[in-house]
Amino acid sequence: MKKLFYLALISLLFMACNDSTKIKNKVKLGPISVTETPLSELEKSIERGAVVYEDFCMQCHMTNGKGVPGNFPPLAGSNWLTEKRKESIHSVKYGQRGEIQVNGVTYDGIMTPMGLSDAEVADVLNYVMNSWDNKQAKMVTVEEVTAVEK
């Protein structure tokens, strides 16, 4: 009886291996040609900026960039970003204190400085300025961030 059991087990294993071999033989495994378009400098910056946003900004401005009405201004569709580029850089680099108007609504809060490097500031601004409904043609550069002084 044991011999019959082992014989059946070996037969099943052999059939299973044999079946997978047949399946593998049916799939043509040839060279696969994948052409990837290299990312632009802006796209690379946006990818890095998404990580910075998740780590430092999302808690207040939310995943959708809409902020919290009355407390944290929206970044999605924000006229502040499009009309006050230098001030936006300054806010991310050094923090923000006092009244600002975003899309006609006054916000009077404090955004503490995050301690980001100039490269991180540029990256997160490129992410924010090109996410949701925001589209900016001009990339924020490290040199531009470095030029903004306290």
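Biologist: What does the secondary structure of the protein come to in this model?

Modeller: In this predicted model, the protein has six helices and two strands, which follow the pattern α-α-α-α-β-β-α-α along the sequence.

Biologist: Why is Ser-91 called buried?

Modeller: Ser-91 has a relative accessible area of 7%. Buried means under 20%, so Ser-91 is classed as buried. The residue is found in helix α4, residues 85-94.

Biologist: With which residues is Ser-91 in contact, leaving aside its neighbours within four places in sequence?

Modeller: Ser-91 is in contact with Trp-80, Gln-96 and Met-111, where contact means heavy atoms within 4.5 Å.

Biologist: Why is Met-62 called partly exposed?

Modeller: Its relative accessible area is 29%. Partly exposed lies between the 20% limit for buried and the 50% limit for exposed, and therefore Met-62 is partly exposed. Met-62 is placed in the loop between α2 (41-61) and α3 (79-83).

Biologist: What phi does Met-62 have?

Modeller: Met-62 has a positive phi of about 70 degrees, although it is not a glycine.

Biologist: Why is Asn-103 called partly exposed?

Modeller: Asn-103 has a relative accessible area of 38%. Because exposed requires over 50% and buried under 20%, Asn-103 is partly exposed. Asn-103 is in the loop between β1 (96-102) and β2 (105-111), and has a positive phi of about 55 degrees although it is not a glycine.

Biologist: How much of the protein do buried residues make up?

Modeller: Buried residues account for 30% of the 150 residues.

How values were computed:
Residues are numbered from 1 along each chain as its sequence is written. This is a predicted model: local features need pLDDT of at least 70, side-chain atom pairs count only at pLDDT 80 or more; totals for chains, interfaces and linings use all residues. Side-chain values use heavy atoms; hydrogens and water are left out. Helices (H or I, at least four residues) and strands (E, at least two) are DSSP runs, numbered from the N terminus. Buried means under 20% relative accessible area, exposed over 50%, partly exposed in between (1.4 Å probe, protein chains only).
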